[in-house]
Amino acid sequence: KMAAAAGAAAAAGLWSEVNRCGQNGDFARALKSVNKILQINKDDVTALQCKVVCLIQNGNFKEALGVINTHTKVLTSDVIAFEKAYCEYRLNRIESALKTIQSASQQTDKLKELYGQVLYRLERYDDCLAAYRDLIRNSQDEYEEERKTNLSAVVAAQSTWEKVVPEDLGLREATYELCYNSACALIGQGKLNEAMKKLQKAEELCRQSLSEDSDVTEEDIEAELAIIHGQMAYIMQLQGRSEDALQLYNQIIKLKPTDVGLLAVIANNIITINKDQNVFDSKKKVKLTNAEGVEHKLSKKQLQAIEFNKALLAMYTNQADQCRKLSASLQSQSPEHLLPVLIQAAQLCREKQHAKAVGLLQDFADQHPANAAEIKLTMAQLKIAQGSVTKACMILRSIEELQHKPGMVSALVTMYSHEEDIDSAIEVFTQAIQWYQQHQARTNNGCCVFQPKSPVHLSLIREAANFKLKHGRKKEAISDLEELWKQNPKDVHTLAQLISAYSLVDPEKAKVLSKHLPSSDTMSLKVDVDALENSHGATYVRKKAAKLTGDNQQKEQGQGEVKKKKKKKKGKLPKNYDPKVTPDPERWLPMRERSYYRGRKKGKKKDQVGKGTQGSTTTGSSELDASRTASSPPTSPRPGSGAAVSAASNVIPPRHQKPAGAPATKKKQQQKKKKGAKGGW
């Protein structure tokens with residue numbers, strides 16, 4: 001009895017210690033006291049509960065879950081359901097946490113709060129929204145603002161990932177968290193300018209809120225603002241301001257935020273800006289996306305986008321095996337997704353295996369008909385790159401849901417025209433026009449009511465007619481033009497085309513139709529011709545006529561306009577022209593055709609330069625002997641000077657005659673050449 005009393009007294013003292021430590025927040029000391037109590041009574045339910053709480057408060061979630069699973073007989077689901085679910089949630093065992101919450105016999109407010117968090121992590125946003133609405137409706141405590149923040153986060157996620165138009169919750173955006181979530185919802189709707197304003201407001205509120213706390217430093221504020229700045233940079237990137245976005249992204253990375261999810265998203269966005277450039281920087285940034293715990297911080301679509309970019313980066317860095325491995329893994333995770341197979345096809349094309357790439361795309365199109373259209377467009381592009389335009393046309397025409405689209409019709413007609421296959425081009429027009437004819441009827445109370453032809457339908461008919469006229473298919477074009485004129489009899493342009501076409505086929509019919517043309521009076525346009533000619537864009541501007549006065553004005557009125565004769569300009573005479581010398585009558589003939597031409601003089605030095613073998617000369621030795629000349633120069637001329645050139649003949653042809661007093665311009669030119677000559681040896 002005394003031992004039992006001593007044990008009870010010791011336990012009471014330990015419980016007092018546990019209570020005091022719990023109030024002070026010293027859960028490590030409280031845990032020691034709880035362990036001593038369990039040594040006295042190992043199945044004490046309250047002590048076990050306190051131990052689990054102490055472990056949770058210290059962050060030892062795995063150990064706490066181990067205690068719960070070890071003492072399942074004592075710690076039943078009714079007693080410890082919340083703590084067990086919370087440990088599973090913090091250990092990222094989300095499915096297990098959901099089962100634990102749903103198996104609890106009583107749904108407390110704590111379990112409902114945790115249930116909302118679990119549904120958000122599972123991306124079950126509709127159920128999550130309903131759970132938070134129920135909590136806000138049935139709860140009145142100091143955590144109401146946090147619940148509203150979570151509710152706005154759910155709406156933002158729906159807008160971003162499910163493209164659901166968010167409903168107005170009527171939340172007063174008094175905190176920066178609510179402003180931030182509202183901005184995210186606007187980004188999901190594509191309202192980027194409004195979202196940027198919301199983020200700027202969120203930044204301002206965040207600074208005001210944190211600056212009120214004297215213990216918060218500027219670095220702490222910048223760290224808290226990092227997620228807001230990251231979203232701002234994302235908006236800049238979407239707006240095409242890549243340089244500004246990149247600068248802001250790098251500023252955030254320099255702060256070294258502790259949120260691995262934020263770092264992973266920013267690194268991924270930088271990689272998308274770099275694309276196939278700055279690959280070394282991208283390889284460094286991709287390491288941030290592989291940090292531990294990233295998979296628990298981001299949504300499934302975010303993680304999927306990061307994996308796609310890893311595969312593309314591997315392709316750009318010529319890591320073919322890594323690219324194939326990543327894209328195959330992505331395809332196994334999302335068999336119906338287009339990107340994995342497109343990445344594989346792109347890698348095969350880089351390896352010059354175009355046929356294999358087309359086969360891969362064809363297999364995917366056969367297996368997933370819902371996505372066949374986009375795949376076939378890629379196949380057609382590959383065929384065009386190989387020069388197989390006709391095969392590309394066949395692939396495009398196999399896409400039934402796009403055959404009637406104006407863009408597809410235009411592309412096919414252009415390609416067939418390039419291949420000079422006019423019949424196939426006209427067939428494309430015909431099929432598209434027939435499709436609109438078949439689908440212009442609508443059901444009204446069980447009856448088919450035919451509507452007027454749509455603008456797209458009429459536009460196709462007109463383009464077909466123009467195409468046929470351009471390629472000489474007059475008879476085929478006439479039926480299209482008649483159809484157009486029937487739809488709009490007041491269309492003068494169509495009528496003119498129709499008359500033009502009939503004039504080559506049936507002139508009588510053209511005359512009959514020409515009676516429907518409006519008269520010239522009705523066709524006259526009220527145009528100020530003078531203003532048009534004097535306008536800034538006119539290529540010809542009529543000069544204003546000078547004012548006429550007196551007799552000149554009467555003369556003009558009597559005789560009418562008389563064309564002024566242009567004055568003939570006098571031809572310029574040469575500078576050395578001498579009126580006393582009779583010009584050479586043969587001066588307009590080439591020199592060789594003149595009667596006095598005797599051919600070029602032979603035997604001169606200048607005619608012999610460069611002839612014969614290297615080093616040889618045809619000049620006689622007597623000509624080179626300086627002692628035989630009448631007077632030899634004291635020094636040899638400089639290389640490149642004009643002294644070595646033989647003198648010209650004294651006979652001057654009539655065309656080259658100069659007056660007696662004309663200056664010797666040729667000698668001056670030679671002197672200038674001498675001054676500017678350079679030595680070559």
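Visitor: What should I know about numbering and confidence before I start?

Guide: Residues are numbered from 1 along each chain as its sequence is written, and side-chain values use heavy atoms, with hydrogens and water left out. Because the model is predicted, local features need pLDDT of at least 70 and side-chain atom pairs count only at pLDDT 80 or more, while totals for chains, interfaces and linings use all residues.

Visitor: How many helices and strands does the secondary structure of the protein chain hold?

Guide: Helices (H or I, at least four residues) and strands (E, at least two) are DSSP runs, numbered from the N terminus. The protein chain has 34 helices and two strands.

Visitor: What percentage of the residues in the protein chain is buried?

Guide: Buried means under 20% relative accessible area, exposed means over 50%, and partly exposed is in between, with a 1.4 Å probe and protein chains only. Of the 681 residues in the protein chain, 32% are buried. As for contacts (heavy atoms within 4.5 Å), 49% of those with a separation of 6 or more are between residues 24 or more positions apart.

Visitor: How do I read a nonpolar core, and which residues of the largest one touch the most other members?

Guide: In soluble globular proteins, nonpolar side chains tend to be buried together. A nonpolar core here is a set of buried Ala, Val, Leu, Ile, Met, Phe, Trp, Tyr and Cys residues joined through side-chain atoms within 4.5 Å. The largest has 41 residues, and Leu361, Ile375, Leu396, Val409, Val413 and Phe467 touch the most other members. Elements giving two or more residues to this core include H19 (338–350), H20 (354–367), H21 (372–385) and H24 (422–438). H24 gives the largest share, eight residues. Another core, of 36 residues, lies apart from it and includes Leu205, Ile252, Leu262 and Ile270.

Visitor: What is Leu361 in contact with, leaving aside its neighbours within four places in sequence?

Guide: With that exclusion, the contacts of Leu361 are Val341, Leu342, Ala345, Ile375, Thr378, Met379 and Leu382. Ser424, in helix H24, is buried at 14% relative accessibility. With neighbours excluded in this way, Ser424 is in contact with Arg397 and Tyr416.

Visitor: How do I check a helix, and which residues of H8 are buried?

Guide: An α-helix has 3.6 residues a turn, so residues three or four places apart point the same way. The expected span is 1.5 Å times one less than the number of residues. Helix H8 (residues 125–138) has 14 residues and should span 20 Å, which agrees with the 20 Å between its end C-alpha atoms. Its buried residues are Tyr125, Cys128, Leu129, Ala131, Tyr132 and Leu135. Those residues fall within an arc of 165° seen down the axis of H8, so they line one face of the helix; the arc is that of the directions from the helix axis to the C-beta atoms. Asp126, Arg137 and Asn138 are exposed on the face turned away from the buried side of H8. Helix H7 (109–121) and helix H9 (144–161) are among what covers the buried residues of H8.

Visitor: What covers the buried residues of H26?

Guide: The cover includes H25, helix H27 (492–505) and helix H28 (507–514). The buried residues of H26 are Ala477, Ile478, Asp480, Leu481, Leu484 and Trp485.

Visitor: How many disulfides does the structure hold?

Guide: A disulfide is a pair of cysteine sulfur atoms within 2.5 Å. The structure holds zero. The closest cysteine sulfur to that of Cys21 is in Cys54, 8.6 Å away, too far for a bond. Cys21 is buried, with a relative accessible area of 3%, and Cys323 is buried at 0% relative accessibility.

Visitor: How do I describe aromatic pairs, and how many does the structure hold?

Guide: A pair of aromatic rings is described by the distance of the centres and the angle of the planes. Rings of Phe, Tyr and Trp (its six-membered ring) pair if their centres lie within 6.5 Å; planes under 30 degrees apart count as stacked, over 60 as edge-to-face and the rest as tilted. The structure holds five aromatic pairs. The rings of Phe82 and Tyr86 are stacked, because their centres are 6.0 Å apart and their planes are at 20°. Both residues lie in helix H5 (residues 77–90), four residues apart, about one turn of the helix. Phe82 is partly exposed, with a relative accessible area of 22%. The rings of Phe429 and Phe467 have centres 5.8 Å apart and planes at 50°, so that pair is tilted. Phe429 lies in H24 and Phe467 in H25, so the pair ties together parts 38 residues apart in sequence.
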